[in-house]
Amino acid sequence: MARLTETAPFVHDGCSITDSSFGRFVEIGKGSRVAFTTFGDYSYCDQFADIANTTIGKFANIASFARIGPTDHPMQQASLHHFLYRSADYWDDVENDAAFFAHRRSRRTEIGHDTWIGHGAVIRPEVTVGHGAVVAAGAVVTRDVPPYTIVTGVPARPMRPRFAPEIAERLMALAWWDWSHEALRTALPDFRALPITDFLDKYQA
């Protein structure tokens with residue numbers, strides 16, 4: 001029997017999930033923390049990923065220890081510390097700073113379809129990683145990543161395209177990530193075996 005299902009995400013032990021939603025066939029790796037985030041169909045994260053305030057497309061591949069949408073501290077105030085906004089943890093007569101938390105959650109990170117986020121990569125708030133892009137292990141992404149581009153380094157910079165621009169455009173037009181589960185199964189042998197141009201020629205009208 002298949003391990004992943006349409007009806008509920010496969011959440012491994014030790015995860016912390018806060019106000020998040022999950023599409024079909026989603027898997028959340030051991031010890032991961034996911035907050036205020038949406039996972040599209042078939043996307044997964046490996047163990048100990050830390051993801052906040054992020055919209056993740058379909059078929060995203062997120063490696064272990066990735067950090068996506070890391071939250072900020074109040075750099076313009078006299079102190080950076082939690083006591084400014086998690087104040088109720090320290091005193092009984094004050095509430096947490098709701099406006100600060102609302103601002104944090106408004107700074108969304110966007111991860112496109114069929115992306116690969118490498119081990120230990122960091123993707124900052126308000127960054128968009130385009131469809132088909134690859135973020136190398138250990139990269140720190142501070143700017144948007146174009147579709148089907150491989151980025152590396154600290155801060156991350158384009159290394160090379162994953163595919164030539166005309167192939168990338170055809171893949172985005174094909175949008176195979178919107179195919180039904182049954183259509184994906186039918187095409188599975190071709191996903192596995194066909195060179196990319198042959199695959200596009202077969203499935204693109």
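Guide: Contact means heavy atoms within 4.5 Å. Keep that cut-off in hand. This is a predicted model.

Visitor: Among contacts between residues at least 6 apart in sequence, what share joins residues at least 24 apart?

Guide: In this protein, 27%.

Visitor: What percentage of the residues is buried?

Guide: Buried means under 20% relative accessible area. Of the 205 residues here, 40% count as buried. The protein exposes about 11300 Å². Carbon and sulfur atoms supply 54% of that area.

Visitor: What is the volume of the largest pocket, and which residues lie nearest its centre?

Guide: The volume is about 390 Å³. The lining has 20 residues. Arg33, Ala35, Thr71, Arg86 and Arg104 lie nearest the centre. Strands E2 (16-18), E5 (33-35) and E8 (50-52) and helix H1 (98-106) each give two or more residues to the lining.

Visitor: Now one residue. Is Lys202 buried or exposed?

Guide: Over 50% counts as exposed. Lys202 has a relative accessible area of 52%, so Lys202 is exposed. Its place is in helix H4, residues 196-203.

Visitor: Which residues does Lys202 touch, leaving out those up to four places away in sequence?

Guide: Lys202 touches Asp190 and Leu194. Asp190 is twelve residues from Lys202 in sequence. Their C-alpha atoms are 9.2 Å apart.

How values were computed: Residues numbered from 1 in each chain as written. Predicted model: local features only at pLDDT ≥ 70, side-chain atom pairs only at ≥ 80, totals over all residues. Heavy atoms only, no water. Buried < 20%, exposed > 50% of the residue type's maximum accessible area, 1.4 Å probe, protein only. Areas by Shrake-Rupley, 256 points an atom, 1.4 Å probe, with all protein chains shown as cover. 1 Å grid on protein atoms, 1.4 Å probe; cavity = no way out; pocket = protein on both sides within 12 Å on 5 of 7 lines; lining within 4 Å. Points joined across faces, edges and corners; volume = space filled by probe spheres on them. Helix = DSSP H or I, 4+ residues; strand = E, 2+ residues; numbered from the N terminus.
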